[in-house]
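Let's take a friendly walk through this structure together. Have a look at the picture below, and then we will go through it step by step.

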Amino acid sequence: MDHELFSSPASELPQGPYFGTFGGRFIPEALISALDEITDAFAKATVDPGFVAELHRLHRVYTGRPSLLTEAPRFAEHAGGARILLKREDLNHTGSHKINNVLGQALLAQRMGKTRLIAETGAGQHGVATATAAALMGLECRIYMGAQDTERQALNVARMRLLGAEVIAVEAGSRTLKDAINATFRDWVASVDTTHYVFGTVAGPHPFPMLVREFQRIIGLEARAQIEELVGRLPDAVTACVGGGSNAMGMFHAFIPDSGVRLVGCEPGGDGGELHAASLTRGTEGVLHGARSMMLQDDDGQTIESHSISAGLDYPGVGPEHAWLHDSGRGEYRAITDAEAMEAFRLLARTEGIIPAIESAHALAGALQLGRDLGPDAVIAVCLSGRGDKDVDTAGKYFGYFDANNEED
Amino acid sequence: MSTAPVLRACAAENRAAFIGYLPVGYPDVPGSLDAMRALVAGGVDIVEVGMPYSDPGMDGPVIEAAGVTALAGGVRTRDVLTAIEAVREAGAAAVTMTYWNIVERYGVEAFARDLAAAGGSGIVTPDLVPDEAGEWIAASDAHGLDRIFLVAPSSRPERLAYVAGSSRGFVYAASTMGVTGTRAEVGSAAAQLVADTRSAGAEHVCVGLGVSTREQAAEVAAYADGVIVGSALVKALDSGGTAALERQAAEFAAGVRDRG
């Protein structure tokens with residue numbers, strides 16, 4: 001594809017540390033030096049033709065980019081007849097958009113002379129991608145994962161170990177993604193001389209929100225060109241699921257200047273009641289994991305545990321650039337319940353033969369709602385951020401696809 | 001009142017100050033107040049009242065576990081103020097150590113006002129660097145509170161100057177690249193860090209992270225204005241209640257006087 005991978009220095013869009021009043025660095029002084037080093041290395045790498053060429057090469061021959069744009073007409077019949085186009089990040093090597101960021105950061109780690117990668121993971125997709133990049137580049141790798149997530153995503157734990165990574169089950173706190181992030185920061189502060197923290201989403205202290213977005217920006221750049229080629233115009237809306245928000249920022253960023261394109265982020269609405277992970281639509285402003293953003297917290301500022309059927313969206317915070325898009329009105333965010341996401345999950349499988357990640361099913365559910373509102377002339381692009389193989393167990397239980405007593409089988 | 005006069009008085013006695021950390025609400029709120037009184041009875045100069053937090057990224061397993069217990073028991077931000085008052089009544093200076101979201105949620109100006117009214121000297125801010133501290137700098141100026149920022153072995157000279165210039169009372173030097181917890185030895189980088197932080201303009205530099213014995217306290221006291229102990233005190237409280245805590249505190253109080 002003929003486009004610049006990274007934002008132009010002349011871009012008027014925010015490049016961090018701040019996105020409006022959000023972002024920054026709320027982090028121990030001990031890590032400031034490492035964050036400065038990453039900021040500096042990234043700035044130099046993005047203008048180094050050698051770095052850009054190597055990342056392009058890996059995208060092409062390793063990840064399988066550009067990812068396809070697939071129209072979903074039978075699915076779209078359930079969305080008021082609007083045209084629905086799927087940006088197929090599920091077809092990437094390792095099965096999700098996470099590899100885009102990880103390959104970029106692993107190359108950056110090599111440039112900085114680091115020999116070890118560490119990362120947090122929720123559903124396991126980012127951990128698998130990081131373990132993959134470490135194997136590819138011959139780096140040591142340790143992944144922190146909440147103990148609750150190692151239980152519900154056991155297959156991904158085995159995948160990471162198969163790839164040579166050490167997986168640590170974090171028993172602290174709520175035993176989910178937020179606690180894995182705490183544990184990874186603790187490792188990093190003691191190992192920063194040799195170790196790069198491959199942050200998995202557009203949250204955390206500067207430069208991570210900007211840096212991860214820049215590595216994910218390729219999703220929207222490709223999609224924008226592919227959609228124009230296919231339908232001859234820009235879409236009316238793009239949708240993406242938002243946990244921390246990296247696939248959504250990647251999908252949205254190239255469209256921010258296109259005021260006619262609605263940017264619709266789909267948050268995990270959980271059970272529709274008190275159990276959810278909708279930091280933007282139902283949270284408040286605060287500081288979590290190194291940045292000021294929107295989050296779930298109580299009256300004293302203690303983080304409230306989030307809930308989602310999707311482990312990858314089960315996070316009580318969100319990236320600061322989303323908080324800015326939400327605050328400024330450029331982005332629209334809505335909560336999709338577990339039930340709505342699972343219905344869209346099954347519908348895509350049955351109408352198009354594509355099993356999406358439950359995370360991505362939130363974006364599909366958002367597209368169904370939008371299509372019914374906008375009618376048959378609308379064009380809606382969905383970021384299908386990952387594939388659903390890892391979710392078959394969850395879905396099988398949810399829909400009752402496992403035989404209750406199959407001893408006779 | 002700033003901690004600076006306390007540190008100067010210790011220096012006049014040719015010793016370092018003993019600064020002891022305990023989390024409020026552990027094992028419960030009344031129990032934590034008793035523990036802090038025992039710490040004062042054992043000879044602590046400044047109590048660092050810790051506010052438990054759901055995501056304590058700078059803390060090791062001992063303090064994190066105590067925080068989990070305290071939060072499960074229902075500790076609230078306002079309990080910090082009660083603890084500060086108890087420490088002041090017992091006769092020691094008091095600061096609080098808290099992750100920044102707790103203060104933001106309370107309201108930076110309101111927290112500064114209430115902390116000063118309770119007799120607190122200031123705040124140790126493990127996850128707030130001066131770069132992000134505009135509101136806190138204004139509020140601490142308005143209420144005469146210490147701003148105790150951190151430096152670390154990774155801090156470059158320009159950062160040391162910036163942090164030293166932004167702090168009041170003392171600068172908290174992290175002895176090692178790591179989180180709170182007891183260690184077999186205090187980081188060898190600590191003495192150099194203290195010297196560099198003084199050269200960068202800090203009047204007082206106190207050292208924390210990893211101090212767990214009287215001997216280590218004496219070793220640090222030889223070059224620092226204060227020795228900060230946390231996890232070792234929580235462990236003493238766990239193992240033998242307030243009596244064991246008071247004995248352990250007395251050991252550290254002796255250590256800071258053994259500077260040789």
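Predicted model: local features only at pLDDT ≥ 70, side-chain atom pairs only at ≥ 80, totals over all residues.

The contact takes in 33 residues of chain B and 26 residues of chain A. On the side of chain B that touches chain A, the elements giving two or more residues are helix H3 (61-72), helix H5 (100-106), strand S6 (150-151) and helix H8 (157-166). Of these, H5(B) gives the most, with five residues. Sorted by class, this side of chain B has 16 nonpolar, seven polar and ten charged residues.

Now find Val179(B), in the loop between strand S7 (171-174) and helix H9 (189-199) of chain B. Is Val179(B) buried or exposed? It is buried, because 26 other C-beta atoms lie within 10 Å, and 20 or more count as buried. Leaving aside residues up to four places away in sequence, Val179(B) touches Arg186(A) and Val189(A), as well as Met58(B), Asp59(B) and Gly60(B). Arg198(B) is 19 residues from Val179(B) in sequence and 23 Å from it in space, C-alpha to C-alpha.

Finally, turn to chain A. Here helix H4 (residues 98-111) packs against helix H5 (residues 125-137) at an angle of about 40°, with the axes 9 Å apart. That angle makes H4(A) oblique to H5(A), and their crossing is right-handed. Among the residues making the contact are Ile99(A), Val102(A) and Leu103(A) of H4(A), and Ala129(A), Ala133(A) and Met137(A) of H5(A). By class, this contact has eight nonpolar, five polar and one charged residues.

Key
Residues numbered from 1 in each chain as written. Chains lettered and ligands numbered in written order. Axes fitted to C-alpha atoms, helices over the stretch in contact; angles between N-to-C directions. Helix = DSSP H or I, 4+ residues; strand = E, 2+ residues; numbered from the N terminus. Parallel < 35°, antiparallel > 145°, perpendicular 65-115°, else oblique. Left-handed = near helix turned anticlockwise from the far one by under 90°. Contact = placed C-beta atoms within 7 Å. Nonpolar A, V, L, I, M, F, W, Y, C, P; charged D, E, K, R; others polar. Buried ≥ 20, exposed ≤ 12 C-beta atoms within 10 Å, placed from the backbone.
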